[in-house]
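Here are my notes on this one, point by point. Have the model open while you read.

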Amino acid sequence: MCGIAGVVSQSGPVAQELFDALTMLQHRGQDAAGIITNNLQRLYLRKENGLVRDVFHKEEHMVGLIGPMGVGHVRYPTAGRSSMAEAQPFYTNTPFGISLSHNGNLTNADELKQALFAEDRRHLNTDSDSEVLLNVFAHELMMRNTQRLVPEDVFAAVSGVHRRCRGAYACVAMITGYGLVGFRDPFGIRPVVYGKRETAHGVDYLIASESVALDALGYELLGDILPGEAIYITLEGVLHKRQCAVNPIYSPCIFEHVYLARPDSVMDDIYVYKARLRMGIKLAEKILRTWPDHDIDVVIPIPDTSRVAGAELAARLGVNYREGFIKNRYIGRTFIMPGQAQRKKSVRQKLNPVPIEFKGKNVMLVDDSIVRGTTSQEIVQMAREAGANKVYFASAAPPVRFPNVYGIDMPSASELVAHGRTDAELEQLLGADRLIYQDLEDLIDAVQHKESKIQRFDTSVFTGEYITQDITHEYLSQLELFRSDAAKQQRDRSNQTLIDIHNA
């Protein structure tokens with residue numbers, strides 16, 4: 001999962017706006033950040049590992065990024081390596097000079113790499129599927145064989161991307177000297193929105209992963225880029241829009257609403273806050289239906305993403321809601337931290353219990369989901385150490401039993417605590433006195449409102465049914481070999497050995 005942003009402005013330089021937009025999207029990736037801007041025919045780039053504030057911590061980092069158009073990216077590595085070479089945006093000089101930021105994951109990246117080299121004669125310098133996507137788009141644009149770019153050329157190139165690429169991709173691309181392109185895969189798996197802002201100099205446009213970036217910068221939300229759709233905004237501020245896929249099927253990732261997105265975002269015309277509110281209602285209804293004589297004294301959320309659901313759950317059950325864990329805001333989101341050992345260590349650094357809210361009480365802990373189980377086990381133990389009489393645990397999502405292949409770091413089935421286990425086994429493993437999961441039907445009802453245009457959701461992490469219909473057992477096996485924590489740690493050790501040899 002990553003965050004993307006792109007700006008075309010009639011008002012002046014865009015570096016500060018991109019910095020602010022990426023800061024609003026920091027929750028989507030904490031591994032690396034980057035911005036590239038365009039002024040006339042020149043490009044200005046800075047990208048590095050780290051948070052946005054750390055990558056752009058000196059005045060010269062911002063002053064050097066000049067121009068009225070640019071794209072930015074915050075990254076969490078689900079493919080490739082956690083290295084500066086994999087940081088985005090990526091750039092290719094042919095044709096015109098194209099820079100691209102991508103959120104998602106291509107499921108046929110290996111096949112495309114071979115074709116790009118053997119047939120398109122394009123060289124790739126990283127293991128990132130985002131560089132693959134950039135080069136596919138660039139090649140399709142080059143095949144138009146035009147000296148002067150027009151909107152038809154851009155939309156034809158995006159159509160070519162849809163024909164060749166499979167998987168999830170929400171992208172913003174900058175074509176040097178021409179304009180900004182935003183496009184989304186034919187299923188609309190990963191989110192991307194766009195908006196405008198009227199100024200004395202004309203209309204500015206912003207494309208971003210979530211609407212919070214638009215809100216913070218004073219842009220009016222125009223809507224989502226629809227599945228298979230592309231928008232092209234020229235340097236002069238003229239917006240063109242077209243459907244570029246043959247058979248788009250509106251199928252966004254439901255886990256965006258469970259965990260990934262900020263609650264103040266609006267995506268696919270759904271308010272994330274309201275979706276999480278309804279998750280709490282559905283959980284309460286399940287508890288009252290299956291456990292009417294419950295003895296819950298207090299509901300305590302695991303901050304931050306479960307607060308909204310937890311508060312509504314408590315209200316519906318008629319019990320107290322308390323903030324029993326205090327969060328250290330200088331520790332990153334443990335879900336997106338590479339390495340199981342680092343996640344486990346970070347839980348106790350991140351959360352500290354308030355003993356008075358636990359001592360002698362039957363506590364219902366509420367979290368947005370249970371993925372690897374590391375955090376949940378630690379938190380249950382912390383609640384007991386704080387003096388809880390009984391510790392119950394509720395998840396606002398169903399059991400996560402299957403890998404994600406569309407850009408969320410859940411690649412290995414063996415690392416998912418619910419994979420191959422019953423609810424009773426999970427209850428015992430987590431150390432809870434009672435474990436309650438949201439039912440999938442209730443989660444879908446909670447997220448999808450009545451007027452929604454969504455045809456279905458990607459719920460593959462719960463069901464193992466992949467909407468792109470191209471995922472085989474062999475693919476998942478290769479994914480586990482390449483992207484499990486153990487595999488990543490082995491690559492990190494190998495890279496460090498090479499560095500040590502080089503420095504010796």
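1. A definition before anything else: the radius of gyration here is taken over C-alpha atoms, and the globule rule is 2.2 Å times the number of residues to the power 0.38. For 504 residues that rule puts a compact globule near 23 Å, and the protein comes out at 23 Å, so the two agree. Bear in mind that this is a predicted model.

2. On overall dimensions, the C-alpha atoms fill a box of roughly 75 × 55 × 45 Å along the principal axes. The secondary structure consists of 17 helices and 22 strands. Among contacts with a separation of 6 or more, 70% are between residues 24 or more positions apart.

3. Buried residues account for 61% of the 504. The accessible surface is about 20,100 Å², and carbon and sulfur atoms hold 50% of that. As for charge, there are 55 positive and 62 negative side chains, with the centres of the two sets 2 Å apart.

4. Which residues have the most contacts inside the largest nonpolar core? They are Phe-255, Met-279, Leu-313, Met-364 and Phe-462, in a core of 52 residues. Elements that each supply at least two residues of this core include helices H8, H9 (272-290) and H10 (307-317), plus strands S20 (362-367) and S21 (390-395). Helix H9 gives the largest share, 5 residues. There is also a second, separate core of 32 residues, with Leu-133, Ala-173, Val-181 and Ala-230 among them. As background, nonpolar side chains tend to be buried together in soluble globular proteins.

5. Take a look around Phe-462. Setting aside neighbours within four places in sequence, Phe-462 is in contact with Ile-254 and Phe-255, with the run Ala-397, Pro-398, Pro-399 and Val-400, and with Phe-402, Leu-440 and Leu-443.

6. Is His-257 buried or exposed? His-257 has a relative accessible area of 2%, and the cut-off for buried is under 20%, so it is buried. This histidine sits in helix H8 (residues 255-260). Not counting residues up to four places away in sequence, His-257 touches Met-267, Ile-270, Val-272, Ala-275, Arg-276, Met-279 and Val-447. Met-279 in that list is also one of the residues with the most contacts inside the largest core.

7. For contrast, go to Arg-121, in the loop between helix H4 (109-118) and helix H5 (129-142). Its relative accessibility is 64%, and exposed means over 50%, so Arg-121 counts as exposed. His-162 is 41 residues from Arg-121 along the chain, and their C-alpha atoms are separated by 20 Å.

8. Some backbone geometry to check. Most peptide bonds are trans, and most residues other than glycine have a negative phi. Gln-88 and Pro-89 are joined by a cis peptide bond, omega about 10 degrees, and Pro-89 is in the loop between strand S4 (69-75) and strand S5 (90-92). The bond from Thr-94 to Pro-95 is cis too, with omega near -5 degrees; Pro-95 lies in the loop between S5 and strand S6 (98-106).

9. Finally, the positive phi values. Phe-96, found in the loop between S5 and S6, has a phi of about 70 degrees and is partly exposed at 25% relative accessible area. Asp-268 has phi near 55 degrees and lies in the loop between strand S14 (266-267) and strand S15 (270-271). At 6% relative accessibility, Asp-268 is buried.

How values were computed:
Residues are numbered from 1 along each chain as its sequence is written. This is a predicted model: local features need pLDDT of at least 70, side-chain atom pairs count only at pLDDT 80 or more; totals for chains, interfaces and linings use all residues. Side-chain values use heavy atoms; hydrogens and water are left out. Helices (H or I, at least four residues) and strands (E, at least two) are DSSP runs, numbered from the N terminus. Buried means under 20% relative accessible area, exposed over 50%, partly exposed in between (1.4 Å probe, protein chains only). Contact means heavy atoms within 4.5 Å. Accessible areas come from the Shrake-Rupley method with a 1.4 Å probe; for residues, only the protein chains shown count as cover. Lys and Arg count as positive and Asp and Glu as negative; His and the chain ends are not counted. The place of a charge is taken as NZ of Lys, CZ of Arg, CG of Asp or CD of Glu. A nonpolar core is a set of buried Ala, Val, Leu, Ile, Met, Phe, Trp, Tyr and Cys residues joined through side-chain atoms within 4.5 Å.
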